[in-house]
Amino acid sequence: MEDIIQILLSVRFVKIIEVVGTICFAISGVRLAAAKEFDWFGAFVVGFVTAIGGGTTRDLLLDVTPFWMLNIEYLLCSFIGLVIVIIYSRKLVSLDTPFFIFDTIGLALFVVVGIEKTVDLGFPFWVAIVMGTITGIVGGIIRDILIHEIPLVFRKEVYALACVFGGFVYWLCLQLNFSNPVCEISASIAIFLARVLAVKYRWGLPKMKDS
């Protein structure tokens, strides 16, 4: 009975992560689209693609039906993100901090979702880390391409590496026999802190030079 309760709690927690992560990523996409003066529909498309791009790529690679095609809630979450930006447009569009916060939260949560799904499908954990990273970063890459920006992951800040770091934290927690919610929370916090500290202290990889 306790095992069943634990499983139900874990499933519910993952669902909460997915919903919150979807809204946060949608907000980050809509916010940048608004800064480029897209209309409401264009902003919604950018927000939706930001929210589902990484998970869709992951699911196609794992040979399963993309998650958002099985439940309309992800479309609704993206719409909620649009409404939030419309209501709070002055604060969210004109300032960089809200974008950074929502993007980082979405990144942290989606990496965990990607890891969970890959592990549940029976793949090795190194594959789960790769898929978690793809889940976290690909939506942002597509978003930046749509708004004619060089993808953030390629030009500055510790972004993908924060995802990989979070994946290792998740793996370490599993080795210590922590429960799934503890592993998920620990990995999410690790990713969030890694990115915040990297931006604060300007950590980053050396840039490629042409000579």
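Residues 24 or more positions apart account for 73% of the contacts (heavy atoms within 4.5 Å) in the protein with a separation of 6 or more. The model is predicted, so local features need pLDDT of at least 70 and side-chain atom pairs count only at pLDDT 80 or more, whereas totals for chains, interfaces and linings use all residues. Residues are numbered from 1 along each chain as its sequence is written, and side-chain values use heavy atoms, without hydrogens and water.

Begin with the whole chain in cartoon view. The protein has nine helices and zero strands; helices (H or I, at least four residues) and strands (E, at least two) are DSSP runs, numbered from the N terminus. Buried residues, those under 20% relative accessible area with a 1.4 Å probe and protein chains only, make up 47% of the 211 residues.

Next, select Cys24 and Cys77. Cys24 is buried, at 6% relative accessibility, and Cys77 is buried as well, at 5%. The sulfur of Cys77 is 10 Å from the closest cysteine sulfur, in Cys24, which is too far for a bond. A search of the whole structure finds zero disulfides, defined as pairs of cysteine sulfur atoms within 2.5 Å.

Then select Phe168, Trp171, Leu172, Leu176, Phe178 and Val182, which make a nonpolar surface patch of about 570 Å². Helix α8 (residues 160-175) gives the most to this patch, with three residues. Finish at Phe178, in the loop between α8 and α9 (180-200).

Note on methods:
Buried means under 20% relative accessible area, exposed over 50%, partly exposed in between (1.4 Å probe, protein chains only). Patches are made of residues with over 30% relative accessible area and no salt bridge: like charges are joined within 9 Å, nonpolar side chains (Val, Leu, Ile, Met, Phe, Trp, Tyr) within 5 Å. Accessible areas come from the Shrake-Rupley method with a 1.4 Å probe; for residues, only the protein chains shown count as cover. A salt bridge is a side-chain nitrogen of Lys or Arg within 4 Å of a carboxyl oxygen of Asp or Glu.
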